[in-house]
Structure formats: structure tokens, C-alpha cells
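Please look over the structure shown here. The notes below are for a reader new to the subject.

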Amino acid sequence: MPLLELIDLRTHFFTDAGVLRSVDGVSFSVEAGETVGVVGESGCGKSVTAMSILRLIPEPPGRIVGGEIRFLGQDLVRMPIAALRKVRGNSISMIFQEPMTSLNPVYTVGDQIIEAILLHQDVDEDRAREIALDMLRKVGIPAPEQRIDEYPHQLSGGMKQRVMIAMALSCQPKLLIADEPTTALDVTIQAQILELLKQLQAEQGMGIMLITHDLGVVAETTDKVVVLYGGQMAEVAPTSTLFSSASHPYTQGLLRSLPDRAPPGSRLPTIPGMVPSPLQFPTGCRFRTRCGQASPACAALPPRVERGPGHAVWCHHPQPPAGGAA
Amino acid sequence: MSAPDPLDPLDPSAPLLRVEGLVKHFPIFKGFFRRQVGSVRAVDGLSFDLARGQTVAMVGESGCGKTTAGRAILRLVEPDAGHVYFRGHDLPAAPPETLRALRRHMQIIFQDPFSSLNPRQTIAQIVGRPLQLHGLAATEAEAEAQVKTLMEKVGLQASYSTRYPHEFSGGQRQRIGIARAVALRPDFIVCDEAVSALDVSVQAQVLNLLLDLKEELGLSYLFITHDLGVVKHLADEVVVLYLGQLCERTTTKALFSAPRHPYTQALLSAVPHPEPGRARKRVILRGDVPSPIAPPSGCRFHTRCPLAHPRCAAEAPAEHTVAPGHVVRCHLYDGNSAPVDILAGAPNGGR
Amino acid sequence: MTEPAARPPVAEDPSWVDLIWVQFGKRKIARGALFGLLGLLLLAIYAPLLASNKPLLWRVADGPLSSPWLLSLFDRNFFENGVDLFFNALLVCVSLLGLPAAWAWRRAATLPRAARGARRARLLLGGIGALLLTLGLNAAAPQARPKEVYPALQAQLEAQGTPVLAVYPPLPHSFRDGVLDQARARPSAAHPLGTDAAGRDVLVRLIFGARISLTIGVFAVSLYISIGTVLGALAGYFGGRVDLVIQRLIEVVICVPSLFLILSVAAFIEDRSIFHIMVIIAAVAWTTPARLVRAEFLRHRNLDFVAAARAIGYPQHTIIFAEILPNTLGPVLVSATFGVASAILTESTMSFLGLGDITVPSWGQMLNAGRTTSEWTLILAPGFAIFVTVSLLNLVGDGFRDAIDPKLRR
């Protein structure tokens with residue numbers, strides 16, 4: 001049984017301007033000890049998917065209108081909110097992009113971690129402080145005995161993200177959802193944080209769902225990649241397969257447009273047009289308005305096509321692997 | 001008084017722009033009497049040349065002063081010391097009237113496509129008014145005709161010129177910013193993280209546009225970015241900054257094939273590559289970038305450098321030329337021009 | 001769902017002003033209040049048509065038909081106050097040009113955005129031009145007709161047996177001259193709200209008081225918004241020493257309790273007119289918009305579009321007034337709406353305490369006059385008028401504030 005399984009998840013937003021089908025049929029799974037990358041451009045629904053798992057989307061206007069979120073066999077979508085609170089921050093934790101705004105500026109770092117521990121674990125305050133110190137040490141914060149009583153503004157961005165990770169992992173979650181955890185950080189700090197996540201995963205055996213737009217981060221840290229476009233599944237594949245033999249025209253276009261892979265100074269192959277607004281998604285395959293392979297058949301919902309072990313693509317015209325690029 | 005310009009504007013082989021010893025410190029005031037208690041040393045003695053038709057990339061992490069350097073060169077912030085020679089003038093010493101006339105020849109593209117366009121002006125006003133200001137269009141109608149040509153050049157429908165910025169997507173706004181910058185037919189453009197806020201597929205479109213415009217209009221770019229993938233793709237030369245000071249300056253090819261400065265090496269190794277399973281060793285630097293208010297003594301990188309030795313804390317390194325056009329500011333290259341690999345863990349002999 | 005490519009390229013999304021207007025329209029209470037204010041403005045403009053002791057039509061026996069009412073509109077002996085002359089000019093212009101102008105304004109809505117803006121700007125300029133022309137003609141050819149009391153004249157003529165045709169406005173009373181033998185009359189058919197101690201009709205004075213209150217509100221606020229905006233813009237844009245000086249100036253003004261300052265200054269002025277009162281209010285109240293604009297400038301001056309304007313080489317005054325200032329006006333507009341309400345209240349307070357302009361029928365003066373009598377209508381009527389006007393203004397201000405807040409967008 002997978003740790004987390006999304007089956008045909010649909011989250012829509014009901015606004016005055018119309019219904020935004022931000023997530024419309026997303027299915028994938030995360031195993032224990034596995035890192036799954038969820039990639040796509042802004043508006044592809046990757047953050048809404050993450051928020052839906054813990055049912056953190058603002059309601060109204062948002063609502064999960066269909067599908068299942070199975071966490072250890074339980075359906076989180078139909079779980080009573082009281083039971084869900086026991087899952088949040090305990091067996092599923094989340095870290096966000098902005099370490100600057102995710103910590104409450106009026107409490108010390110220690111207070112915030114200790115409160116999270118007391119909420120979910122049956123320990124007294126002294127023990128909670130010990131656990132917190134232990135976690136801060138584990139995430140590589142120098143002089144944790146001193147840092148624990150400092151306020152968030154006294155810490156650098158990288159340190160804050162470490163504190164967020166310490167807080168998220170203090171209850172030994174089985175699943176960690178990381179929403180662009182390193183986007184706001186410098187590369188040398190990003191390298192530190194990714195290394196830290198890898199090492200903590202090895203120790204605690206948790207599953208990680210890593211949401212990012214950075215294909216470099218995906219290539220280096222994940223085992224499996226889910227590519228989303230316009231709130232729908234485009235492709236899912238083991239990481240090395242995705243980078244060597246992507247089959248969806250969108251994935252291929254995305255990989256081709258990376259400057260790292262093109263000869264210096266050359267024109268980059270691009271995907272024409274831009275991501276349509278969620279109010280104006282085309283019917284059927286949502287990529288068809290920008291796709292070079294589109295045919296009249298694409299007006300229907302694309303079928304799921306198996307391309308190999310763990311590699312599936314949602315497309316009417318799956319492509320052979322792009323030659324030579326990787 | 002303005003120093004004589006060492007660049008000959010008539011010599012096509014002379015650099016277009018020369019920056020010499022540029023310094024910008026932001027004072028920090030405290031208390032009721034606004035006493036100065038210190039300063040943020042954003043840029044501390046930066047020198048480089050920008051050749052005609054070339055792209056120089058300025059890279060570094062946040063707080064390294066690359067954005068301030070870009071703005072000090074254009075005198076959008078007043079530099080505290082140093083020279084910027086451009087078109088026969090030393091910009092920091094140029095009188096306001098001269099500077100205003102020179103602005104036509106140097107433009108800037110910003111990172112944030114949302115704050116860089118005035119929300120109360122239409123595209124025709126944003127792109128067209130500068131034309132009238134600098135006398136490139138005599139009438140409003142003439143400016144409008146030019147705006148339409150420019151919009152088509154940057155890949156926007158000309159009929160959108162009466163719209164307001166909020167009606168466009170991030171990528172389209174960045175195109176408008178580019179149209180505004182190239183409208184005045186400048187010699188060089190500072191691109192301040194111009195593609196960093198864009199999605200991958202849009203970023204590729206905008207990079208292509210920048211390359212096309214460079215070709216077509218003979219532009220030179222000063223490309224400020226933290227994205228080394230972009231640097232590798234379009235820069236001819238790279239300037240690496242750390243805490244307001246130069247670390248290394250060389251051609252892009254040399255930088256990526258044989259980086260010399262330990263910081264450059266660490267930076268390159270930290271960048272994740274979209275190629276899974278690529279076997280490589282990674283240096284993970286300890287700690288954070290120190291505060292530019294109180295930068296470390298000696299070499300500013302010594303607190304995080306795996307190869308630091310006592311001299312680094314005591315004495316600031318000089319610029320050492322290790323190969324033609326390849327400058328490194330590190331004690332390891334004092335009298336030694338062979339590369340020192342920080343992955344090897346120890347400095348090579350000879351010192 | 002339709003193809004995204006099928007979108008016509010000519011369709012224009014609304015501009016910022018359109019967006020605000022649509023948002024404002026969705027707030028029913030605020031929209032109602034705005035209509036209420038519009039009604040109040042029309043009431044102020046057409047006050048002489050509702051209440052005047054000059055007959056609209058007048059004919060003695062077989063003599064020529066004349067309209068003393070029409071001539072009285074520009075009569076310096078009858079309407080001696082500048083406020084009334086201004087409103088009378090407005091009355092003439094609105095009556096002659098109002099409907100065609102409104103029609104042209106609505107028709108401009110179908111034009112493309114740029115042409116629409118230009119057309120509407122021309123209309124507005126034309127309207128202001130017509131008003132200035134009317135005022136100028138009035139100043140160039142001042143009318144000063146003998147003071148004739150037509151109802152008395154009519155009674156006299158009819159007593160002599162001369163047939164008289166006279167059509168009066170619904171309330172045939174002067175707002176200024178009382179009939180002493182009718183002083184302190186109880187409400188009746190002739191005087192719906194009774195009369196005051198000088199025998200003047202309360203309802204008529206209330207209607208003319210709307211002119212005074214609106215003028216004080218609008219002019220005092222325009223005056224101090226202009227001062228405050230310029231000072232705030234300079235302080236926010238330049239910072240440093242300029243900011244220091246302006247900030248200290250603001251602090252000095254707000255340190256002194258404003259009502260005491262207003263009252264003390266007013267006490268020093270002999271022959272207070274309502275223009276003095278407007279200036280005094282403005283001299284104290286400019287700090288609010290100054291601080292607002294300063295804060296907005298501090299927020300905007302570091303945005304990239306300002307850096308872009310400097311990189312282009314725009315002169316400083318263009319950057320301050322054409323680039324940044326339009327972005328700061330939303331909050332200023334909101335505070336101006338509340339400011340009109342508070343200026344009306346301040347004037348009422350001053351008049352009530354006997355430091356207003358005693359020659360005009362302002363609501364505060366009426367309250368003050370009512371205080372000395374024991375007639376409840378004399379206190380309740382102006383009090384109610386102040387209450388309604390201030391409430392309408394505050395509701396409109398609330399609506400604008402919500403409309404410019406993107407978080408409250410509906």
C-alpha cells in the first residue's frame with residue numbers, strides 16, 4: 001500500500017468570474033522513503049494539489065469536488081475535520097516557500113517548535129524542549145541552545161528554512177510536503193537544504209513530495225517526477241526515465257527550453273504561446289492550443305498511455321524520446 | 001573634476017564601458033539625531049570592461065552587491081567613489097544635463113515584471129513618452145507609430161498599446177519592459193535578473209528575444225543574474241561577486257571549464273543540473289553569507305572557504321591575472337597561476 | 001468552453017478607474033448614498049427654484065410679462081454672497097447644458113479607451129469654461145436691482161384693485177429677510193418647519209444652508225488636499241532633510257488640539273466670512289493627506305518603475321507628479337470624502353460656538369440661533385440635515401475605500 005495515493009483529485013474554485021478548474025484529475029502516489037517531484041509552470045495546479053492534501057485550500061471559494069486522497073488507506077477528503085487535525089503536522093507535515101513569513105515573528109523559535117511538539121506528542125514541556133533542541137541540532141543550526149530562544153528576525157533566510165524543517169520533522173511525520181522549499185534561497189544555501197532533506201529522509205524514512213519549478217532540483221533529488229499542465233496530469237515517470245525519454249510534447253518542450261541543455265548563444269527551442277488562464281482552459285487536452293502535435297482527436301480528454309515501468313503519459317500522440325538531448 | 005576618459009569612442013576595438021574601482025556604501029543611521037552608526041558596504045571596489053556587442057554577466061548570491069553595482073553604473077544610485085567611462089564621459093562626475101542626455105544610450109530591464117511598469121499608464125505612454133522626451137519622435141502620433149513597431153518587434157500585438165499593464169501576463173510585461181528599454185536605441189542595457197521571475201517556457205522565449213535584439217540592434221548587455229544556466233547560455237564574460245567585491249573575472253568558457261576562485265568553484269558545484277545521475281562531487285559551503293555591514297577581515301570569503309589559511313583573515317587579496325583576461329582575487333594565486341581545486345581539499349604546493 | 005484564440009483583439013479590459021467604479025457600483029448602500037449626495041447637490045443648485053420671494057412670472061395689469069426671479073439670480077442686492085452667485089451660475093449652466101452634456105458623456109462610453117478619455121476631458125473642460133464664462137459675465141455686468149418685496153407689493157397692488165399675475169416658487173419666502181410679525185411661528189402649511197426668531201422660514205434656510213455646507217466641505221478639502229499632497233509628495237520623494245522639516249511641521253500642527261487652534265484663530269479675525277473659515281479648516285487639516293501621500297510615496301519611490309523613469313531621464317517633477325502621484329491618489333480620494341464630512345462638522349461647531357460667518361444661513365448658524373429659542377424645530381431641523389449629509393458622505397467614503405482595496409474585490 002503506498003503512503004499517499006491521489007486518485008483523480010479535482011479541486012475547483014467557484015468565483016464570480018467563473019469556475020477555476022485548478023486541479024482537474026490528478027493521480028499519483030508517494031511511497032515511504034521515496035521523493036516525488038511535482039513540476040509544472042505557475043498555474044499548473046501543483047500548489048493547489050499540495051494544499052488539497054491537508055485540505056488547507058480556502059473554502060469558499062475552493063472545494064474538492066471529486067477524487068480521493070488516500071493516506072495509509074484512509075481517505076483524507078472524507079475524513080472529519082477533527083480527525084484530520086490529528087494528521088496535520090503530525091503524520092503529514094508541510095514546509096513552504098517563504099521562510100520569512102511562515103514563522104510567527106512575536107514568538108521565539110523554540111516556543112513555536114515546542115508548541116507543535118506539545119500539540120501532537122504526549123510529552124511534558126521539558127521533554128519537548130529537549131526534542132526541539134535535538135531537532136535544531138539535527139538540521140544543522142549552530143549553537144542551538146542559544147538559537148532556540150531567539151526570534152525569527154534574528155535568523156538568516158537559510159536558518160529560518162532550517163527551523164521550518166526542524167518544526168515540520170519534530171513529530172517524525174511519515175510524509176513531508178515541501179512547496180518550493182529552496183526557491184527563495186541562494187544556490188549555496190539551497191545545496192545545504194537539499195542535502196539536509198536527503199539526509200533526514202535517510203534517517204527517518206519519510207516520503208517527500210517536493211513541489212518545484214526547478215528541473216535541476218528535480219533531477220538531483222527526486223526518485224519519481226509528476227509533470228502537471230493546466231491542472232491535469234501530463235506525465236509521470238522515474239526521474240532518470242523522464243529526463244532521458246520524456247514522451248509528452250509538453251515535457252519535451254519544457255526540457256528543450258532549458259538554457260543548460262542548449263549550445264551557448266543559440267536560440268532556445270520554445271513552447272509557443274503562454275499558459276492559458278484557468279478560466280479559459282481548452283477542452284480535452286489542455287496543452288493542445290500550444291502543442292505542435294495537436295490533432296482534432298485532442299479535443300477529447302487524453303488517454304493514459306503506459307510507456308514503461310512506472311512511466312505513463314496522458315496524451316493522444318505520445319512522442320518517441322527526443323534524441324540526444326540528455 | 002571629471003577625469004579624462006581613457007576610452008576612445010571612435011576606436012571600435014575600445015571597450016564600450018569601463019568601470020574602475022566602483023564603491024557604494026549605504027549609510028545606516030540610528031537614534032533621534034540620525035547619527036551614522038555604520039554602513040552597508042554593497043559594492044567595494046569593482047572594476048571591469050564591457051566590450052562592444054558583448055554580454056558581461058555579473059553573478060553572485062543575494063547581498064553580493066550585483067544589483068547595486070548595476071544601478072550605480074547607471075547612476076540610479078549615486079556611487080561613493082570610482083569611475084564609469086561611457087561615451088566620452090565619466091558618469092559619476094557628469095553634470096545633470098549631460099547625464100540626462102546620456103541616459104538615452106543606457107537602459108535597464110528589471111526583474112519584477114509587476115513593479116517595473118507604472119500601473120496608471122498605458123503601454124503607449126510607457127513606451128512612447130521616453131521617445132518624445134529624447135526627441136526621437138516629434139509628435140504623439142509619431143511616437144505611437146514607433147510604439148506599434150516596437151511592440152511587434154518584442155512579440156506583442158500592436159493593438160494592445162492602449163492597454164494597462166495589469167491586463168498582461170508576467171512574460172508579456174517583461175516584453176513591454178524590454179520594448180521600453182530598446183525604444184531609445186541604447187548602446188547597452190543592464191538586465192537586472194530580467195528572466196528570473198519567469199516560468200521556464202516563458203524564460204526561454206524572453207532569452208531568445210534578448211538574443212535577437214542584441215543581434216539586430218548591436219546591443220551590449222550587462223546581465224545581472226544568479227542563474228548560472230542563463231549565464232552559460234548567453235554571456236561572453238563573467239564577473240563573480242562576493243560581498244561587494246570581485247572574486248573572479250574571465251570568459252564564460254574559462255569560468256565553466258576551469259574556475260579558479262574557491263568561491264566560484266563552490267558556486268558552480270552547488271547548482272543543480274537537470275541531468276539525473278550525473279556523477280559529480282559537490283562542495284557544500286558551511287554557514288551563511290556574512291552581513292555586508294560587518295564584512296570579514298582580509299578576504300571576505302575566508303569564513304566559509306575550505307582552503308582558508310591564516311593569511312586570508314589578515315590580508316585582503318590582490319587581483320592576480322592567471323591567464324590573459326582571467327583575473328582572480330585570491331591568495332592562492334599569488335605567484336601561482338595553476339588551478340587549485342577545492343575538491344582536492346588542499347592547496348597545491350609552491351606557496 | 002471556447003477557444004482562447006477566439007477572443008477578439010479589440011475587446012478592452014477595464015482600466016483601473018473602470019474597475020473601481022464597477023466595484024463601487026456593487027456596494028448598494030454606498031451607491032445609494034452617492035445618489036443621495038447627488039440629490040443634495042441638485043437641491044443646492046436649484047434652491048432658488050424651490051424657495052424665493054421673487055415671482056417666477058410677474059405681470060401687473062396689462063403690462064409686460066417679466067420674471068423677477070430670473071433677474072434676481074444675478075442680483076447683487078439680493079444674492080450678495082459669492083457662494084450663492086456661484087451656485088446660481090451653476091444653476092444656469094446645468095439647466096442649459098446639463099442634459100446634452102450627460103448625453104454626450106454616456107455616448108462616449110462606446111468609444112475606444114483613448115478617444116473616450118479625450119472626449120470626456122473635452123466635455124469637462126467645456127463645462128468648466130461655460131461656468132467661468134457665466135461667472136465672468138456676471139462680474140462684468142453686475143446687476144443691482146432695487147430691493148423690492150414682491151409679496152408685499154402684490155398685496156399692495158391688489159388692495160388698490162390692480163389685477164396682478166404672479167407665479168411664485170413653492171416656498172415663497174426669502175432665505176435672508178424675515179417677516180418680523182411671523183417670528184417663531186409653529187410649523188404650518190405656509191411654513192412647513194416654522195420660522196426662526198427673525199421670522200425667516202426654517203425650511204428655506206435649510207435648503208440654502210446646503211449650499212454653504214457643500215461649499216465649505218468641498219473647497220476646504222480641495223484646498224488642504226492640494227497643500228497636503230504637494231508637501232507629502234516632496235517629503236516622501238526626497239526624504240532626508242526635506243522630509244525632516246515637513247515631518248516636524250506636521251508634528252507641530254497635530255500637537256495642538258485642532259478645535260482650539262481653529263477657534264483661537266477664528267476669534268482673531270474680524271468680519272469672518274466663510275472663506276476665512278475654509279482657510280482656517282484647511283490650515284489645520286492638511287496634515288492628514290500629507291501623511292497619507294508621504295507614506296504612499298515612501299512605498300512607491302523604491303519600486304522599479306520609478307527607477308525606470310529615472311533611467312529614461314525624466315526630470316524630477318515629472319517623476320514626482322506624473323509617475324508616482326497618480327498611484328497615490330486612491331487613498332487620498334477616500335480621505336477627501338471623509339474630509340468633506342468632517343469639514344462640514346467643523347464649520348457647524350464653529351458657527352454653533354458663535355465663531356462662524358453670521359451672514360450666511362449655514363446649518364451651524366441655525367443651530368446656534370435655535371439654541372437661544374426653545375423651539376424644537378429650530379434645533380432638530382439643522383441637526384438632522386447635518387446628520388444626514390455627514391452620514392451620506394461617510395457611507396460613500398466607506399464604499400470608495402472598499403472599492404480600491406483589492407482584497408475586498410467582489
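Below are notes on one residue and on one pair of domains. This is a predicted model, in which local features need pLDDT of at least 70, side-chain atom pairs count only at pLDDT 80 or more, and totals for chains, interfaces and linings use all residues. Residues are numbered from 1 along each chain as its sequence is written, chains are lettered from A and ligands numbered from 1 in the order in which they are written, and side-chain values use heavy atoms, with hydrogens and water left out.

**Residue B:S201**

- B:S201 lies in helix α6 (residues 200-217) of chain B; a helix is a DSSP run of H or I with at least four residues, numbered from the N terminus.
- B:S201 counts as buried because its relative accessibility is 0%, where buried means under 20% relative accessible area (1.4 Å probe, protein chains only).
- The side chain of B:S201 has a polar contact of 2.5 Å with the side chain of A:E41 and another, of 3.5 Å, with the side chain of A:R290.
- A polar contact is a pair of N or O atoms within 3.5 Å; within protein, one must be able to donate a hydrogen and the other to accept it, and residues adjacent in sequence count only if both atoms are side-chain atoms.

**Domains of chain C**

- An automatic or database assignment gives chain C domain 1 (53-182) and domain 2 (202-408).
- The C-alpha centres of these two domains are 30 Å apart.
- In chain C, 10 residues of domain 1 contact 12 residues of domain 2, contact meaning heavy atoms within 4.5 Å.
- C:R211 and C:D84 form a salt bridge, with their closest N and O atoms 2.9 Å apart; the term means a side-chain nitrogen of Lys or Arg within 4 Å of a carboxyl oxygen of Asp or Glu.

Note on methods. Helix = DSSP H or I, 4+ residues; strand = E, 2+ residues; numbered from the N terminus. Buried < 20%, exposed > 50% of the residue type's maximum accessible area, 1.4 Å probe, protein only.
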